[in-house]
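Student: I've got a model open and I'd like to learn how to read it. Can we go through it together?

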Amino acid sequence: MPFASYAFPYMRKPFALVVVAACSGGAGGKSPAKPVPPPLPGNLAATELPNIPAKIEVVTSAPTDASAPDKKSPLLDVMKAENEREMAALAKTGTPAYYLGYQLVEQRIVSLEAEGGALVTDQDDVARNLDVEVRVGSPELDNTRQLADDTNGLNAPLTRRGDVPFGDDKEAIASALWLETDRRYHEAVSALNYVKQDQQTLQKAKKYDPDFAHEPTETHIEAPAKLEFDKAQWVDRLKRCSKGALKGAATRGTCGVVFQLNTSYFVNSEGTVLQTSWTNAQLSVSVGVKADDGMNLSRLEQRFGVAPKDLPGDGEVDKMIKTVTDDLDALHDAPLAEPYVGPAILQGRASGVFFHEVFGHRIEGHRQKDTTSGQTFASYVGKDIAPEWLSVYDNPEIETLNGIQVNGFYRFDDEGVRAHKAQLIDHGKLVGFDMGRNPIAGFPHSNGHGRRSPGLPPVARQGNLVVEAAKSVEYADLEKMLIEEVKKQHRPYGMVFTDISGGFTNTSAFAPQAFKVNPVMAYRLYPDGHKELVRGIDISGTPLVALQSIRAASRQIETFNGVCGAESGWVPVSASAPSLLIEKLEIEKGFIPPDRPPILTAPAIQKEKP
Amino acid sequence: MKSLALVILFAPALAFAKKPPEPPAGPPSKAVTNEVLDEIAEEMNRDMKELEIPGAPKPYSISYKVTEVDVNDVSAELGQTMSKRNRHFVNLEARVRVGSPKLDNGNFVVAEATEIDGTAAINLPLEMDKRLAKRSTWLVTDQAYKEALIQLNAKLEARKAGGTLRPSDVPAWTETKPVVSEEPVLVPPLESLDELETRAKTISATLREQAGLRESHVALTSYLERRWYITTEGTAVTDTRRASGVLIEVEGQADDGQLVHNYFMRYGHTGKDLPTDKDLTGEAKHLGESIAALAKAPVMEHYTGPVLFEGEGAVGLVRFSLAPNLGGTPVPEGLSPQEARTFGGALTDKTGLRVMSPQLSVTDDPTAKDGDNKALIGGYKIDDEGVAAQKVDVIKDGVLKTLLLSRTPSQKDQVSNGHARRTADGGAFHGSATNLFLTAKGGVGRKALESRLISAAKGEGLKYGVVVRRFDDAAITGAPEFTRRELVQMIKTTDMQLPPPLIVAYKVYPDGKEELVRGTQLAEIPIRVWKDIIGTSTERTVYNFLAATESQLSLRLQGGTDDGFVPSGGIESAIITPDLLVKELDVFGSTAGERPTPAVPRPTGK
């Protein structure tokens, strides 16, 4: 069941979510009639809003910026030579390769974590991972074509990382490239045999989109980035931070950082040669406790930066600690929410997460041709799917948005294609998709969104998702509008969501095309203006209805930085959006595990009673 | 199971020089101090007294194992570093027993919930912190207690539904004398990452010039594990285990596509126990040459007749066919028959009966640090249940005297002999081998034993006999070679009862000529084979290894252990054995592991 989830937990070692393909009904029957989009539900009549756009100021960096040709690693020459040697030799085989790509990612990950004032994790690991992509057949039909009935994905390449020695020793590197190429080549040949057999049994009349798009040759060399930080100072800060976090009701209080230095070396048989290098840094403050009914409660505040020096100072960290501990104490005493349907506000960051899940994953190009996918938006191109004043795009070239560093910046994707801005919704109309090298009808080329974690085949993924509002109101007015809507709908209260921890969206055709997101901080807003924190709820719904229920946006944009997991692994992303007033949202009771809080009171950390 | 994933390497010891003096001891733990242990004990006492859910039984036993692991791992290929890393963590594990020693929650696998086993674990800080130690103890004890209650209920219900073969007069858990030994056991410090890296690069560079290799790697490890046990019975004891190891692994491919492997592995207490760089580079060269020979060797054909197990081959026979059956702990209730077989059990109820050749005796001695003047890594001061290690005469002159026991007895009046090691689903520790000594009367020299093999083969009308010198070990040689379809097929068709393939085996002809064969697989080895040992050597092999907790199939499917670097899961073990001549075994040829030959020649090498 293909699904994608947005995960924001503090991750030391990202784990790829495995996508288990659901049963395909096959395509061997009669050719289905071309789908006709149903009429859009809901009322698209525009609410009267001031013609003042939400404020967005971005700083971008073009893919070819920061070029430093003299910093080219000898590794690239070894990779290029072996790639050319392999292609020449494979051309003489019975099943020649038509594309061969090498991506070698060297990654240093520093993880420091303290709990309750003491260091619990101290790791500094370096790894080199090789991904070899071999394509046999032709771009029109190759080994990656999805079989009509491959429930368990047996024709897909095995998920694993290739191992490559450190250094730039030609013999050792070339040998590792050769071995992994050989393994992947034979795997691809085997897969193509099944594809061809499958195609023989499929109806010929149906037109299939090609499996691969050739893209322009690129050459770009960046200087190797440097990861600089004072470890002792960070350890001291984390200890102090975590000591402060473990208080009140919390039974867990941790502060951690993850610093990464990444250098990617990419060559392919189209002649592309890329060397990109970057750092990133992440600070997390996390607390947790079990509520009296057994519900696991947690609060997490994270900050991201390009380098450790970009992370918050002590003053900001103190605020993060106060936020999570105050919130946790409040959640501990908060009542459980009841199922609800009615108007709601998604505040900035929650709104960003909402868009990422409800819209962003469904706009990833390959899902429009995946036979097991719901293909939600495939037939809506050029049609209204959102209010006329709302536009959405994804632009990996953005470095900062409203002064905040965004997590989804990159210059070239993991398929060797330069990053492009992808306009997705233009004034309410669906106009495009995030595209990798897997073409779909009307979108034959990549826009540089093919991304992955090492070891997994790349697919189209989000980078920096930005929701623009051409009309907006101040946030305070948004709450007034919510109260008006509450009265109009005769509801006892409206909902305000200020933080969403994550969620998932089902894109499989074999299950409801629904999403579910998990709000952490959810308030009831009563007509008299007072708010009440509640816990234990999920927001659920279907994407088309949700998008058309948007009624207004705030002037202020907030950015959520995080890491997103899907079938091609974990990739850094951001989602920036104004706060949104939604006419109707459905709230469900969240899952409460059958557990109970500790039987005895904590031995040393008693909850402070007022 | 919530056992710690641990490290280490193994170490056969054929090429060991005389054991050098141990380096000076390093410092004690900075993370687990007496203050920390006092906090854990204080919380244990509070929990023992107060922990109770109304209407449910209280704990009757609580125990804690604190483990601090510090390991340096390096691997290299063709003279270049592949991996270089340190891992350091401290873990606190609580075990809670509810019910009574007569009938408790232990040794039972909850269907569809194997993780419910009355144990819980949490990481502790890398530095002394009393407050966190106490708080962590509180949390894990609480969780383990809740699990223990579920486990007990499930056990009682399962017995009502399906009955039990367990005699009612055999208790679930036996008492043991508390052990108090709180003085830190200091061991030599780890070899540094840089030192290991230099060695790995030097040794692996030897293989650059070797023709016919598909892949190779060299890995070194240096490891220590400190342990502390605290129980409500009064045990308060600490121990430290220390090992260093080296592994050289090579892979090639025969003309018909079958992959061929070989490896060399040694362990000792420290790096000083390992062969010198000169010896190791020699071994690497030898291994490289062996791959070229294996690639040209014919596939073994079906054979039934005498088989001589020499050196590491004899170790393999002991490891894969005898050692798994020496445990006396009853298999956890709730396991499927297939799962239960992985715990051996062929010698259960054979006490007092002859189970081997009368010339053979077996002793297991976790207190031994050396054997035949070579380091042994299988020992300890206390076992995984905090019971003092004991030397046990298991088989005397072919007659089974006792088995290796934990605190979960299989018979009335049976008590632990300090061999609780291997974890099993259900939270039980299984009695397992440590430093296993197999001794023989009437041994002859290796050459004479080979002559005896030829005579025995002739006597059976055979053209040759078979000598085995090394078993495969998927923890080392497993490689990511297979497609998803092939892996699924392997899961379906692999016979889990077969021993690992033989990677160094020869036909030996009457004129003494040896012919290397590949694709050699022994049929299932029944335990009665040990009654048919018709000859032993005077030479003995000392071999250290890690007994992986996963099956050979699992290791093969996942491409070896830990990305093919240093195997990092398993139980430190040693076997000391003479060569063993078996009267008759079935051997057959296997074409398993065939891959397409390379579409493009390797870019380097001759």
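This is a predicted model: local features need pLDDT of at least 70, side-chain atom pairs count only at pLDDT 80 or more; totals for chains, interfaces and linings use all residues.

Student: What else do I need to describe a pair of packed helices?

Tutor: Two packed helices are described by the angle between their axes and the distance between the axes. For H1(A) and H2(A), the angle is about 40 degrees and the axes are 10 Å apart. That angle makes H1(A) oblique to H2(A).

Student: Which residues of H1(A) and H2(A) meet?

Tutor: On the H1(A) side, look for Leu75(A), Val78(A), Met79(A), Glu82(A), Glu86(A) and Leu90(A). Facing them from H2(A) are Lys170(A), Ile173(A), Ala174(A), Leu177(A), Trp178(A), Thr181(A) and Tyr185(A). Sorted by class, this contact has nine nonpolar, one polar and three charged residues.

Student: How many residues of each class does the contact of H1(B) with H2(B) have?

Tutor: The contact of H1(B) with H2(B) has five nonpolar, two polar and seven charged residues.

Student: And how do H3(B) and H4(B) pack?

Tutor: Helix H3 (residues 193-205) and helix H4 (residues 277-296) of chain B pack at about 40 degrees, with axes 8 Å apart. H3(B) and H4(B) are therefore oblique to each other, and their crossing is right-handed. Arg199(B), Thr202(B) and Ile203(B) of H3(B) make the contact with Asp277(B), Leu280(B), Thr281(B) and Ala284(B) of H4(B). By class, that contact has three nonpolar, two polar and two charged residues.

Student: Now for whole chains. How do I judge the overall form of chain B?

Tutor: One way is to set the radius of gyration beside a rule for globules. With 606 residues, a compact globule would come out near 25 Å, and chain B has 25 Å, which agrees. Its C-alpha atoms fill a box of roughly 75 × 55 × 50 Å along the principal axes. The secondary structure of chain B comes to 10 helices and 22 strands.

Student: Where do the domains of chain B lie?

Tutor: The domain assignment gives domain 1 (34-275) and domain 2 (300-589) of chain B. Their centres, taken over C-alpha atoms, are separated by 23 Å. The contact takes 55 residues from domain 1 of chain B and 40 residues from domain 2 of chain B.

Student: Which element supplies the largest share of the domain 1 side in chain B?

Tutor: That's E7(B), with eight residues. Several elements supply at least two residues each, among them strand E1 (59-77), helix H2 (130-162) and strand E7 (259-268) of chain B. By class, the side of domain 1 of chain B that touches domain 2 of chain B has 23 nonpolar, 20 polar and 12 charged residues.

Student: How is chain A divided?

Tutor: Domain 1 of chain A is 3-11 + 49-62 + 336-589, and domain 2 is 69-221 + 223-333. In chain A, 23 Å separate the domain centres, taken over C-alpha atoms. The contact takes 33 residues from domain 1 of chain A and 39 residues from domain 2 of chain A. The side of domain 1 of chain A that touches domain 2 divides into 16 nonpolar, 10 polar and seven charged residues.

Student: Last one: how do I read the interface between the chains?

Tutor: The size of an interface is often given as the accessible area lost when the parts come together. Here, let's go by contact residues: 43 from chain A and 46 from chain B. Helix H1 (74-90), strand E4 (118-138) and helix H2 (170-201) of chain A each supply at least two residues of the side that touches chain B. The largest share of that side, 12 residues, comes from H2(A). By class, the side of chain A that touches chain B has 22 nonpolar, eight polar and 13 charged residues.

Notes
Residues are numbered from 1 along each chain as its sequence is written. Chains are lettered from A and ligands numbered from 1 in the order in which they are written. Two residues are in contact if their C-beta atoms, placed from the backbone, lie within 7 Å. Helices (H or I, at least four residues) and strands (E, at least two) are DSSP runs, numbered from the N terminus. Ala, Val, Leu, Ile, Met, Phe, Trp, Tyr, Cys and Pro count as nonpolar, Asp, Glu, Lys and Arg as charged, and the others, Gly among them, as polar. Domain bounds come from an automatic or database domain assignment. Axes are lines fitted to C-alpha atoms, for helices over the stretch in contact, and angles run from 0 to 180 degrees between N-to-C directions. Angles under 35 degrees count as roughly parallel, over 145 as roughly antiparallel, 65 to 115 as roughly perpendicular and the rest as oblique. A crossing is left-handed if the near helix is turned anticlockwise from the far one by less than a right angle, and right-handed if clockwise. The radius of gyration is taken over C-alpha atoms; the globule rule is 2.2 Å times the number of residues to the power 0.38.
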